[in-house]
Amino acid sequence: MDKGIEVIASKLEMKPHPEGGFYKETYRSIGVIPQESISENFSGDRNYCTAIYFLLTSENFSAFHRIKQDEIWHFYDGSPLYVHVITPKGKYTRYVVGIDLNQGELPQLVVPDGCWFASSVKNPGAHSLVGCTVAPGFDFEDFELASRGDLIQEFPEHKEIISKYTRG
């Protein structure tokens, strides 16, 4: 790992994320939403909101996954980040999360619940530091990592992008 990345990951007390990259939970609300007050898709109570730092390098990618909540991405530092989104109806869009508004980059991006999404660093030899906010709060019970074969079977028209951003 690049020394600069090691410093960021160390100073922010980050650990490897199952989808790729590194993360650190920075906020988990004290307040809790009882399971009976949210969708029956959830397996239990959820905090009102959670937030993380997320660090990705150009040597890696965040694999396609989905969660049961909306996820808001916030750009902080480094290279712009591509966020690849496939909606439940099969529409694919590549967004650019960054701060160059003249180039159409978005400092924030909302990925709606139920969408498959992956991310990759735009610039070679670089990193992206972003934040992600989830409400109701994130729980790994709500996380589903895509199977390459299953996702291609569901969306064969996106085989190339799915193959690039899945691990098997």
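**Gln69 and its surroundings**

So, setting aside residues within four places in sequence, Gln69 touches Phe42, Val111, Pro112, Asp113, Val134, Ala135, Pro136, Gly137, Phe138, Asp139 and Asp142. Keep in mind that this is a predicted model.

Where does Gln69 sit? You'll find Gln69 in the loop that links strand E6 (62-66) and strand E7 (70-78). And is Gln69 buried or exposed? With a relative accessible area of 1%, Gln69 is well under the 20% cut-off, so Gln69 counts as buried.

What does the side chain do in there? Two of those neighbours come up again. The side chain of Gln69 makes a polar contact of 2.8 Å with the side chain of Asp142. A polar atom of the Gln69 side chain also lies 3.3 Å from the backbone oxygen of Pro136.

Okay, over to the sheet. We have five strands in an open sheet, paired antiparallel, in the order E9-E8-E11-E6-E13. E9 and strand E13 (144-145) are the edges, each pairing on one side only. Further in, six bridges connect strand E8 (residues 81-86) with strand E11 (residues 116-121), and these two run antiparallel. Val85, for instance, has Phe117 in E11 as its bridge partner.

Last stop is Val97, in strand E9 (residues 92-97). Val97 counts as buried because its relative accessibility is 0%. Beyond its neighbours within four places in sequence, Val97 contacts Phe75, Pro80, Leu81, Val83, Leu106, Pro107 and Leu109. And its C-alpha is 6.5 Å from that of Gln108, 11 residues away along the chain.

Definitions and conventions
Residues numbered from 1 in each chain as written. Predicted model: local features only at pLDDT ≥ 70, side-chain atom pairs only at ≥ 80, totals over all residues. Heavy atoms only, no water. Helix = DSSP H or I, 4+ residues; strand = E, 2+ residues; numbered from the N terminus. Buried < 20%, exposed > 50% of the residue type's maximum accessible area, 1.4 Å probe, protein only. Contact = heavy atoms within 4.5 Å. Polar contact = N/O pair within 3.5 Å; in protein donor to acceptor, adjacent residues only side chain to side chain. Pairing = 2+ DSSP bridges.
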